[in-house]
Amino acid sequence: MFLDMDMLKLLIMSQNNLVKRWMNERQTLRGFILLVDYRHKPTKDDVMMYEFVKHHGVPVIVVATKEDKLKRNDLKKNEKLIKDTLHFDPSDTFIRFSSLKKKGIQEAWNAIYELCDLDFE
């Protein structure tokens with residue numbers, strides 16, 4: 001299920017009991033994928049989403065996109081900025097992703113497979 005950020009933000013801010021119940025009781029919900037721009041500090045919406053799903057005990061895969069746009073020495077610095085801003089839980093997964101360089105694609109699929117208890121090897 002995919003929800004756009006505006007709709008999800010509305011649902012969270014409305015304190016909708018249906019959303020809370022869905023998050024807590026949905027047995028097929030295995031995880032949440034949060035896309036952030038690797039070049040920038042996560043937005044307030046990014047932080048709100050991360051905190052919301054963590055509050056409900058949902059594992060998160062943070063995919064930092066546009067990795068190819070950063071200089072090599074900025075990778076660690078920006079990763080730290082993202083993790084610090086989100087109050088990143090070390091049990092979650094952080095993936096550096098570049099569609100241009102085809103980097104992180106297999107790591108993302110592996111993280112999804114792991115959340116779904118799937119093994120394709």
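Author: Please note that this is a predicted model. Strands of a sheet pair through backbone hydrogen bonds, in either a parallel or an antiparallel manner. Here, strand β2 (residues 60-65) and strand β3 (residues 93-96) run parallel and are joined by four bridges.

Reader: Which residue in β3 is the bridge partner of Ala-64?

Author: The partner of Ala-64 is Arg-96. Likewise, Val-62 stands opposite Phe-94 in β3.

Reader: Which helix makes a β-α-β unit with β2 and β3?

Author: Helix α4 (residues 75-86) does; together with β2 and β3 it makes a β-α-β unit that is right-handed.

Reader: What is the order of the strands in the open sheet?

Author: The order is β1-β2-β3, three strands with parallel pairing. The edge strands are β1 (32-37) and β3, each of which pairs on one side only. On average, neighbouring strands of this sheet are turned by 20 degrees against each other, direction ignored.

Reader: Which strands does helix α3 touch as it packs on the sheet?

Author: Helix α3 (residues 44-55) touches β1 and β2, and its direction makes about 160 degrees with that of β1. Helix α4 also packs on the sheet, where it touches β1, β2 and β3. The direction of α4 makes about 145 degrees with that of β3.

Technical notes:
Residues numbered from 1 in each chain as written. Predicted model: local features only at pLDDT ≥ 70, side-chain atom pairs only at ≥ 80, totals over all residues. Heavy atoms only, no water. Pairing = 2+ DSSP bridges. Helix = DSSP H or I, 4+ residues; strand = E, 2+ residues; numbered from the N terminus. Right-handed = clockwise from strand over helix to strand, strands pointing away. Axes fitted to C-alpha atoms, helices over the stretch in contact; angles between N-to-C directions. Contact = heavy atoms within 4.5 Å.
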